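Here's a quick tour of one protein model, heading by heading. Have the structure open as you read.

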Amino acid sequence: MVGAFIGLLVVAALSFIEFDGDGARGAAVGAALGLLNLFVGYLVTKRSLRTGMKSAMVTLAGGFLARLFVVAGLMLLFRRTESIDPAAFALTFMVFFFAYLGLEMVLVERSTARTREAV
């Protein structure tokens, strides 16, 4: 289901983003930040799940808030600079954000399945 939703987001992003200079820069920044988020989030989530579910939930909530503030700040910055399309940035980042959420769900499910098997 997550994969289908990500596919729909890719189609929406491709239909709305104009790949002129500003749009291409916005999509590139969104993709780069999204990949960085995916990589760092994967490492942090795996590490926090080893210490326990309470620690993992605090880490996941803190990561969500950090991403929220970074994306909101960048959106405001891009609106002022006018050299990067904020919509292209947001749509591209959103694709990677939901890919990361899907990855989080898989990691948490695997962790809880291992915990149930151990009991």
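## A single salt bridge

The count comes to 1 salt bridge, taking that term to mean a side-chain nitrogen of Lys or Arg within 4 Å of a carboxyl oxygen of Asp or Glu. The side chains that meet in it belong to Arg25 and Asp22, at 2.6 Å from N to O. Both sit in helix α2, 3 residues apart, or about one turn of the helix. In general, an α-helix has 3.6 residues a turn, so residues three or four places apart point the same way.

How exposed are the two partners? Arg25 is partly exposed, with a relative accessible area of 40%, and Asp22 is partly exposed too, with a relative accessible area of 29%. Here, buried means under 20% relative accessible area, exposed means over 50%, and partly exposed lies in between, using a 1.4 Å probe and protein chains only.

## Where the numbers come from

Keep in mind that this is a predicted model, where local features need pLDDT of at least 70, side-chain atom pairs count only at pLDDT 80 or more, and totals for chains, interfaces and linings use all residues. Residues are numbered from 1 along each chain as its sequence is written, and side-chain values use heavy atoms, with hydrogens and water left out.

## The overall fold

The protein chain has 4 helices and 0 strands, so called when they are DSSP runs (H or I of at least four residues for helices, E of at least two for strands), numbered from the N terminus. Reading from the N terminus, the elements go α-α-α-α. The C-alpha atoms fill a box of roughly 55 × 25 × 15 Å along the principal axes. Of the 119 residues in the chain, 29% are buried.

Helix α1 covers residues 2-16, and Ala4 is found there. Ala4 is exposed, with a relative accessible area of 53%. Its C-alpha atom is separated by 16 Å from that of Leu91, 87 residues apart along the chain.

Helix α2 runs over residues 21-51. With 31 residues, α2 reaches 45 Å from its first C-alpha to its last, close to the 45 Å expected at 1.5 Å a residue; the expected span is 1.5 Å times one less than the number of residues. Buried residues of α2 include Gly23, Gly26, Ala27, Gly30, Ala31 and Gly34, along with Asn37, Thr45 and Ser48. Just after the helix, Gly52 takes a positive phi of about 135 degrees.

On the surface, Leu36, Phe39, Val40, Tyr42, Leu43 and Val44 form a nonpolar patch, with about 530 Å² of accessible area together. Patches are made of residues with over 30% relative accessible area and no salt bridge, with like charges joined within 9 Å and nonpolar side chains (Val, Leu, Ile, Met, Phe, Trp, Tyr) within 5 Å. The areas come from the Shrake-Rupley method with a 1.4 Å probe, and for residues only the protein chains shown count as cover.

## Helix α3

Helix α3 takes in residues 53-81, and its 29 residues should span 42 Å at 1.5 Å a residue; the end C-alpha atoms are 42 Å apart, which agrees. Which residues are buried in α3? They are Ala56, Leu60, Arg67, Val71 and Phe78. After α3 comes Glu82, with a positive phi near 60 degrees.

Phe64 has its place in α3 and is partly exposed, with a relative accessible area of 41%. Phe64 and Phe97 are 33 residues apart in sequence and 10.0 Å apart in space, C-alpha to C-alpha. Met75 also lies in α3; it is partly exposed, at a relative accessible area of 24%.

Ala88 lies in helix α4 and counts as buried, at 1% relative accessibility. Ala88 and Gly30 are 58 residues apart in sequence, yet 7.5 Å apart in space, C-alpha to C-alpha.

The largest pocket has a volume of about 200 Å³. Its lining is made of Tyr42, Lys46, Leu49, Arg50, Leu107, Arg110, Ser111 and Arg114. The elements giving two or more residues to that lining are α2 and α4 (86-118). A pocket here is an open set of points on a 1 Å grid over the protein atoms alone, where a 1.4 Å probe fits, with protein on both sides within 12 Å along at least five of seven lines; lining residues have an atom within 4 Å of a point. Points are joined across faces, edges and corners, and the volume is the space filled by probe spheres set on them.
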